[in-house]
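Here is a short report on one protein chain. Take a look at the model first, then read on.

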Amino acid sequence: MDRRQLLTAGLPLALAASGAAAPLNAAEPAGKTPLFPEDAQFWFETVRMFGADEYGGASFGEVLATSEKITAGDYDSWYDAWNGIADRIASQGDGQLAKGHRISARDSYLRACNYYRSSEFFLHATPKDPRVARAYRRSVDCYKTAAKLYDPPIKPVEIPYEHTTLPGYLHRPDGSSRPRPLLIMHTGFDGSAEENHWNGARAAVERGYQVLSFDGPGQFGPIHREGLPFRPDWEKVVAPVVDFALKQRGVDPKRIVLMGASMGGELAPRAAAFEPRLAALVANDGLYDYAAPYFATIPEAQRAKVIALVKAGPSPMIDGFLEGAMKSSPVARWSIIHGMYCFGASSPSAYLHAATAYTLADGVAERIRCPTLVCDAEGDLFFKGQPQQLYDHLTCKKTLMTFKVEDGAGAHCEVGASRYAFARILDWVDETIGRTGKPLQPAEAQRRNRPTALGLPTAAKH
């Protein structure tokens, strides 16, 4: 491709990246927002913190008070505010534990874990910044201290993986060894195994599941500990996790469910396509082609040319376009910085080039055999159409579950509506793996085995 062609293709790429091109746990605010109206990424991360309140990962009042100290777009301001409250809440936990107030200490450490996690969220342009390492270490330490104070305790685990281990946690509903279904959970582009505590793990424990939450390559633990980047063949990650899970007491090998969130909505289906030991799969939200949203606003006549240009490899010219987009869009700024960090990419174009390998095209989605739930958040502008695309390509028993803005559940991964979202998701899992009481009658079983598309719950549809 010559310079003139490069310029012709690169311009729409820059415009796309500066507009709505990030499938990365971020969403443009829908209408008026009470905080950070000029910064979509800061607003989404704040909603994410508000939502953690539902399972103890934050306090609404603390989130509101902390947010008022932050200047939109100022990454140092974000760090200072969240690190400050994290230090204060962790110190309160130390005092409560010293006096034997175990429940109070547990709750304090859990919130401090999340506040530390959030504090370093925007600092990955300089991964060796000591603030990054400290926040990561403090987040994990606080969570592990909180985990000991649960009954039964949440057990930290190290899962053998190639020449290292993957960090995770085993949640049990009680101390018995009787066989129970297991929910294996991982996040996506920027979440953590600790964050899964309030993003589905404890909801599943309340329903009698064992839960194994873990971080894979590119995710919170491995990228901070070893600089271990993402890999597209996610089945190579999930297979050793299933191996590990089957060695744990009380795991029913016929009722293992895999759930991936955000970018995990592509990673988990990729793994399920090659992992026959799964009883069910949840993609929250569904994602067919991870890189596609970056190109979505490019005119169709030019799109193939731009994608071919990106797939050809890193380019200083593309870097220039993307750097311009980062200056004009808070979402593009953060997503590309973090993408370079967790993909091990040396430039913006190297990141986007690597991202094109994360797809379920070429028959991968069609290989999935276990029943699959595809979640679709109505107001998730960056993933718009991706859940439906995944659903359409599936040939297994499948359900498309829509979450509505009017229910407060329309944001990416239903952040801010965890109780509502996981009630619907886990009810589907219950019914799919046969945990709803007496065995289904033949006619009912046949009905449930048909593909469905669920919107809001009704009397007939959970």
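Start in the middle. The largest nonpolar core holds 142 residues. Within this core, Tyr115, Ile184, Leu212, Val282, Tyr290, Phe343 and Ile425 touch the most other members. Helix H4, which spans residues 75-98, gives the most to this core: nine residues.

What is Leu212 in contact with, once its neighbours within four places in sequence are left aside? Its partners include the run Leu182, Leu183, Ile184 and Met185. Val157, Ile159, Tyr169 and Leu170 are also in contact with Leu212. Val241, Phe244 and Ala245 complete the list. One of these partners, Ile184, is itself among the core residues that touch the most other members.

Now step back to the whole chain. The protein chain has 18 helices and nine strands. It counts 462 residues, and 58% of them are buried. Of the contacts with a separation of 6 or more, 74% join residues 24 or more positions apart. The accessible surface comes to about 17900 Å². Carbon and sulfur atoms account for 53% of that surface.

How far can the model be trusted? This is a predicted model. The protein chain averages a pLDDT of 89, and 87% of the residues score at least 70.

| Stretch | pLDDT | Contacts in the model |
|---|---|---|
| Residues 1-12 | below 50 | 21 contacts |
| Residues 455-462 | below 50 | 18 contacts |

Key
Residues numbered from 1 in each chain as written. Predicted model: local features only at pLDDT ≥ 70, side-chain atom pairs only at ≥ 80, totals over all residues. Heavy atoms only, no water. pLDDT = per-residue confidence, 0-100. Contact = heavy atoms within 4.5 Å. Helix = DSSP H or I, 4+ residues; strand = E, 2+ residues; numbered from the N terminus. Buried < 20%, exposed > 50% of the residue type's maximum accessible area, 1.4 Å probe, protein only. Areas by Shrake-Rupley, 256 points an atom, 1.4 Å probe, with all protein chains shown as cover. Core = buried A, V, L, I, M, F, W, Y, C linked by side-chain atoms within 4.5 Å.
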